[in-house]
Amino acid sequence: MTQLYRTVITTIGPDVADLAEGGVVILFAEGAPPELAEVAVLHRAEGEAGAAPAPGDVLRIGGRDFAITAIGETAWRKVADMGHVVFNFSGVASPDRPGEICLEETKGAAVLPLLVPGAAIEILART
């Protein structure tokens, strides 16, 4: 697999668990305003974002892989420009919002333990 993006979790906002239980994880780069940091996983990117992923590619959090099912029209640009994205673990083939990346349906309880400071988040192309 080809790495398109890699970042490392630095801080977990106090409201992340509630959102993750509902299948949503919000990422913001370090330095996000406090009101956004409360609901977000803050991270520090390692390098620039590569080519945009496609459905069938992989999001890897802390060594666990999740299949990407859909990508909103502005999601990858937001990742590259400001380190912001919404991961939606709903399994849908068409995103509800332009800034989200949809992933295979996964219970929040399976995602939450992976969200720890120091864990890597990678987006990988299957080709």
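Six salt bridges are present in the structure. The model is a predicted one, and the values reported below are computed from it.

In one of the salt bridges, the side chain of Arg6 meets that of Glu46, with an N to O distance of 2.6 Å. Arg6 belongs to strand S1, whereas Glu46 is found in the loop between S3 and S4, so this contact ties together parts of the chain that are 40 residues apart in sequence. Both partners fall in the intermediate class of accessibility: Arg6 is partly exposed at a relative accessible area of 25%, and Glu46 is partly exposed at 42%.

A second contact of this kind involves Arg44 and Glu30, whose side chains meet in a salt bridge at 3.4 Å, N to O. Because Arg44 lies in strand S3 and Glu30 in the loop between S2 and helix H2 (34-37), the pair connects parts that are 14 residues apart in sequence. Arg44, with a relative accessible area of 45%, is partly exposed; Glu30 is likewise partly exposed, with a value of 42%.

Glu122 is part of strand S8 (residues 120-125) and Arg60 is part of strand S4, so the pair ties together parts that are 62 residues apart in sequence. The accessibility classes of the two partners are as follows. Glu122 is buried, since its relative accessible area of 13% is under the 20% cut-off for that class. Arg60 is partly exposed, with a relative accessible area of 22%. Through shared partners, salt bridges join Arg6, Glu46, Arg60, Asp65 and Glu122 into one network.

The strands named above belong to a barrel. Eight strands form this closed barrel in the order S1-S3-S2-S6-S7-S5-S4-S8, and their pairing is mixed. From one strand to the next, the twist averages 35°. In general, the strands of a sheet pair through backbone hydrogen bonds, in either a parallel or an antiparallel sense.

The parallel sense is illustrated by strand S2 (residues 24-29) and strand S3 (residues 41-45), which are joined by three bridges. Phe28 stands opposite Leu42 of S3. The antiparallel sense is illustrated by strand S4 (residues 58-61) and S5, between which there are four bridges. Opposite Leu59 stands Phe66 of S5. S4 and S5 form a hairpin with two residues between the strands, and within this hairpin Gly62 adopts a positive phi near 55°. S5 also pairs with S7 in the antiparallel sense, over three bridges. Here Ile68 stands opposite Leu103 of S7.

Aromatic side chains provide further contacts. In general, a pair of aromatic rings is described by the distance of the centres and the angle of the planes. Two aromatic pairs are counted in the structure. In the pair of Tyr5 and Trp76, the ring centres are 6.0 Å apart and the planes stand at 75°, so the arrangement is edge-to-face. Tyr5 is located in strand S1 (residues 2-12) and Trp76 in helix H3 (residues 75-82), so the pair ties together parts that are 71 residues apart in sequence. Tyr5 is buried, with a relative accessible area of 6%, and Trp76 also counts as buried, at 10% relative accessibility.

Phe66 and Phe89 make up another aromatic pair, which is edge-to-face, with 5.2 Å from centre to centre and 75° between the planes. This pair links distant parts of the chain, 23 residues apart: Phe66 lies in strand S5 (residues 64-71), and Phe89 lies in the loop between strand S6 (85-88) and strand S7 (100-103). Phe66 counts as buried because its relative accessibility is 0%, and Phe89 is buried as well, with a relative accessible area of 4%.

Methods:
Residues are numbered from 1 along each chain as its sequence is written. This is a predicted model: local features need pLDDT of at least 70, side-chain atom pairs count only at pLDDT 80 or more; totals for chains, interfaces and linings use all residues. Side-chain values use heavy atoms; hydrogens and water are left out. Two strands pair if DSSP finds at least two bridges between them. Axes are lines fitted to C-alpha atoms, for helices over the stretch in contact, and angles run from 0 to 180 degrees between N-to-C directions. Rings of Phe, Tyr and Trp (its six-membered ring) pair if their centres lie within 6.5 Å; planes under 30 degrees apart count as stacked, over 60 as edge-to-face and the rest as tilted. Buried means under 20% relative accessible area, exposed over 50%, partly exposed in between (1.4 Å probe, protein chains only). A salt bridge is a side-chain nitrogen of Lys or Arg within 4 Å of a carboxyl oxygen of Asp or Glu.
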